[in-house]
Amino acid sequence: MLLEVRDLQVEFRTRDGVAKAVNGVSYGVAEGETLAVLGESGSGKSVTAQAVMGILDSPPGRVSGGQVLFRGRDLLTLKESERRRVRGAEIAMIFQDALSALNPVLSVGTQLAEMYTVHRKLKRKEARARAVELMERVGIPAAAERAGDYPHQFSGGMRQRIMIAMALALEPALIIADEPTTALDVTVQAQVMELLAGLRDEFAMGLILITHDLGVVADVADRIAVMYAGRIVESAPVHDIYRAPAHPYTRGLLDSVPRLDQKGHELYAIKGLPPNLQRIPPGCAFHPRCPIARDVCRTDVPPLYEAGPGRLSACHFWRETLAGAAGAAGAAG
Ligand code: SF4
Ligand code: MG
């Protein structure tokens with residue numbers, strides 16, 4: 001495993017008490033593999049990634065337990081200076097909002113070249129040449145001319161490509177992309193995802209793709225981990241999830257994505273909202289929204305059941321969910 005997160009716990013101190021943003025999350029990514037982490041906002045998917053990167057907003061955020069093993073070494077035990085070296089050089093992150101992640105007063109060529117002058121000690125001219133090469137590699141037309149332009153002079157999609165170039169500059173072993181295409185229109189989304197997938201293959205990088213949109217991960221991810229209220233509720237190979245989800249929440253997410261193979265199929269919306277993390281419902285946190293919830297769901301926290309090869313589901317009734325007993329038609333009623 002390139003990255004292995006084990007039983008991660010993250011707490012946030014708020015005025016109303018402690019919120020468990022991440023509550024016992026475990027996942028792993030191998031070299032060349034893509035893990036999609038899926039969930040609504042507030043599910044803990046970004047916070048988990050920030051804890052992995054060591055960029056939690058702390059305080060109020062604090063890792064209160066678990067391990068983050070990168071090539072077998074627990075990043076949580078490293079000094080901040082060592083941590084900083086890992087960031088960028090070994091694990092890089094791509095954010096949703098490229099405009100605020102890039103420096104507005106430096107040209108993109110200068111920002112990219114800085115990666116090489118600062119981290120690789122290259123001479124300025126050579127660094128600049130590498131920067132232009134990288135811009136070409138991520139598909140910026142007329143890269144040499146455009147290297148002098150500032151971030152705001154690029155379209156959203158081109159800016160996201162520049163962010164990918166920044167992440168790629170030091171050839172990290174792992175890229176964590178947090179909603180990398182959410183701000184883009186659908187056609188551009190597909191192009192940016194294609195670029196990311198191509199680079200992952202070319203450099204045999206691990207990729208963690210954080211998204212609320214099941215629609216963008218189908219062609220790119222190997223595995224999916226679905227998060228809800230700070231926990232993983234289902235994890236499985238992507239095709240297994242698409243064929244038959246083993247958790248009602250995953251089924252709800254799946255049924256709310258337009259699919260080409262189900263034209264005319266009415267889109268489903270999961271009723272209700274994710275819980276406030278200071279008041280996570282007892283038992284299964286999903287029970288107030290679950291179309292098949294029963295008494296046991298209100299009292300007993302479901303463990304992660306083995307629901308097949310390489311497959312886990314935190315649902316007491318994963319068998320019937322898998323068998324389709326909680327089908328979309330029934331669930332929507
Ligand atoms: Fe629904 Fe119960 Fe399964 Fe939770 S454990 S997802 S409430 S059926
Ligand atoms: Mg987020």
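Predicted model: local features only at pLDDT ≥ 70, side-chain atom pairs only at ≥ 80, totals over all residues.
Colleague: Why are H7 and H8 called roughly parallel to each other?

Modeller: The axes of helix H7 (residues 156-168) and helix H8 (residues 186-203) cross at roughly 15°. The limit for the term is under 35 degrees, and H7 and H8 are therefore roughly parallel to each other. Their axes come within 10 Å, and the crossing of H7 and H8 is right-handed.

Colleague: Which residues of H7 and H8 meet?

Modeller: On H7 they are Gly156, Gly157, Gln160, Arg161, Ile164 and Leu168, and these meet Val188, Gln191, Val192, Leu195, Leu196 and Leu199 of H8. The residues of this contact of H7 with H8 comprise 7 nonpolar, 4 polar and 1 charged.

Colleague: What makes H4 and H5 oblique to each other?

Modeller: Helix H4 (residues 108-119) packs on helix H5 (residues 124-137) at an angle of about 120°. Roughly perpendicular covers 65 to 115 degrees and roughly antiparallel begins over 145, with the rest counted as oblique. H4 and H5 are therefore oblique to each other. Their axes are 8 Å apart, and H4 passes H5 in a right-handed crossing.

Colleague: Which residues of H4 and H5 make the contact?

Modeller: H4 contributes Gly109, Leu112, Ala113, Tyr116 and Thr117, while H5 contributes Arg124, Ala127, Arg128, Arg130, Ala131, Val132, Leu134 and Met135. By class, the contact of H4 with H5 holds 8 nonpolar, 2 polar and 3 charged residues.

Colleague: Turning to the strands, why do S6 and S11 count as edges of their sheet?

Modeller: The 8 strands of this open sheet follow the order S6-S7-S8-S3-S9-S10-S12-S11, with mixed pairing. Strand S6 (91-94) and strand S11 (305-308) each have a single partner strand, so one side of each is left without a neighbour in the sheet. From one strand to the next, the twist averages 25°.

Colleague: How do you know that S9 and S10 pair?

Modeller: Pairing requires at least two bridges. Strand S9 (residues 223-228) is joined to strand S10 (residues 231-237) by 6 bridges, and the two run antiparallel. One of the residues involved is Val226, whose bridge partner in S10 is Glu234.

Colleague: Which helix lies across S9 and S10?

Modeller: Helix H10 (residues 248-255) lies across strand S3 (34-38), S9 and S10, and runs at about 105° to S9.

Colleague: What makes S1 and S2 a pair, and how many residues stand between them in the hairpin?

Modeller: Against the requirement of at least two bridges, strand S1 (residues 3-14) and strand S2 (residues 17-29) have 10, and they run antiparallel. The hairpin formed by S1 and S2 has 2 residues between them. Thr14 stands opposite Gly17 in S2, and Glu4 stands opposite Gly28 in S2.

Colleague: Why are S2 and S5 placed at the edges?

Modeller: The order of this open sheet of 4 strands is S2-S1-S4-S5, with antiparallel pairing. S2 and strand S5 (73-74) each have a single partner strand, so one side of each lacks a neighbour in the sheet. Helix H1 (residues 45-53) lies across S1, S2 and strand S4 (61-70), at about 110° to S1.

Colleague: Finally, how many residues surround ligand 1, and which are the closest?

Modeller: There are 13 residues around ligand 1, the closest being Cys284, Cys290, Ala293, Cys297 and Cys315. This shell has 10 nonpolar, 3 polar and no charged residues. Cys and Ala count as nonpolar in this division.

Note on methods:
Residues numbered from 1 in each chain as written. Chains lettered and ligands numbered in written order. Near = placed C-beta within 6 Å. Axes fitted to C-alpha atoms, helices over the stretch in contact; angles between N-to-C directions. Left-handed = near helix turned anticlockwise from the far one by under 90°. Contact = placed C-beta atoms within 7 Å.
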